[in-house]
Amino acid sequence: MIKALKYIITFVIIAAIAFLGWQLYRYFQRPEEIEVLPTKPGDVKEMARLCSMDIYNEVSVLDTVNSKVIFAVQKQSGSISFDMENLQIDDTGDTVRIVLPREIVEVYESNEKNAWEVIDTKAIGPMAFLRSNKFTTAEENRVKSKIKAKSIRRLYSNGTIRQARKDAVRNLSQLMEGVYRKPVIVTDPTPNGTPK
């Protein structure tokens, strides 16, 4: 019994010394130095864009490259936006006048699963049976670059760009009236857009 009591007292003393040592360590420990680094702004141009319209499209592709035919389907995503840094603003007087800049049209292959699906490929022309039907990556990329240009042309011809510019005029008017606290007139010199 006395032996057990000695062990208990020894354990309590060791625990008390350890606790006091820990408290003294925390008391005398210097606070950590905090280093403050200057912030780096992100891509200011991206933040300054007024996005008017997001694009999602699925197009069928039939094209010929190096005497080979490809039939495929591509899912596309992108946007039609306007660079706020290029706005021409006249805020003298009691009305703010703004000229809408050229649209920025971006169309990319979607990053979702199966965004590029090749249905069939076939070598054509003389001696086609001796050549591979398979498209190389470079050949597929040539096809994709043509698809992008064609899709952008279609956005101009089917009125999508016109609608995006119309929406941008309305959105920009509302946004700038809140900023300037006076009437805003946004003019669009090219309502059908300016294709490259």
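Which residue in S7 is the bridge partner of Arg 97? The bridge partner of Arg 97 in S7 is Ile 185. The structure is a predicted model, in which local features need pLDDT of at least 70 and side-chain atom pairs count only at pLDDT 80 or more, whereas totals for chains, interfaces and linings use all residues. Residues are numbered from 1 along each chain as its sequence is written, and side-chain values use heavy atoms, with hydrogens and water left out.

The chain contains four helices and seven strands. Helices (H or I, at least four residues) and strands (E, at least two) are DSSP runs, numbered from the N terminus. From the N terminus on, the order of elements is α-α-β-β-β-β-β-β-α-α-β. Of the 196 residues in the chain, 30% are buried, where buried means under 20% relative accessible area, exposed over 50%, and partly exposed in between (1.4 Å probe, protein chains only).

Strands S3, S4 and S7 form an open sheet in the order S3-S4-S7, with mixed pairing; two strands pair if DSSP finds at least two bridges between them. Strand S3 (88-90) and S7 stand at the edges with a single partner strand each, so one side of each has no neighbour in the sheet. The twist from one strand to the next averages 15 degrees (axes are lines fitted to C-alpha atoms, for helices over the stretch in contact, and angles run from 0 to 180 degrees between N-to-C directions). Four bridges join S4 and S7 in the parallel sense.

Strand S2 is mostly covered, with 12 of its 16 residues buried. S2 pairs with strand S6 (residues 116-123) in the antiparallel sense over seven bridges, and Lys 68 stands opposite Ala 123 in S6. Seven bridges also join S2 to S5, and these two strands run antiparallel; Ser 77 stands opposite Tyr 108 in S5.

Ile 80 is placed in strand S2 and is buried, with a relative accessible area of 0%. Asp 188 lies in the segment after S7 and counts as partly exposed, at 22% relative accessibility.

The largest nonpolar core has 21 residues, and Ile 80, Ile 98, Leu 100, Val 105, Leu 172 and Val 186 have the most contacts inside it. A nonpolar core is a set of buried Ala, Val, Leu, Ile, Met, Phe, Trp, Tyr and Cys residues joined through side-chain atoms within 4.5 Å. The largest share of this core, six residues, comes from H4. Another core, of nine residues, lies apart from it and includes Val 59, Ile 70, Val 143 and Ile 147.

The lining of the largest pocket includes Arg 102, Glu 103, Tyr 156 and Lys 196. A pocket is an open set of points on a 1 Å grid over the protein atoms alone, where a 1.4 Å probe fits, with protein on both sides within 12 Å along at least five of seven lines; lining residues have an atom within 4 Å of a point. S5 and H3 each supply at least two lining residues, and the largest share, four residues, comes from H3.
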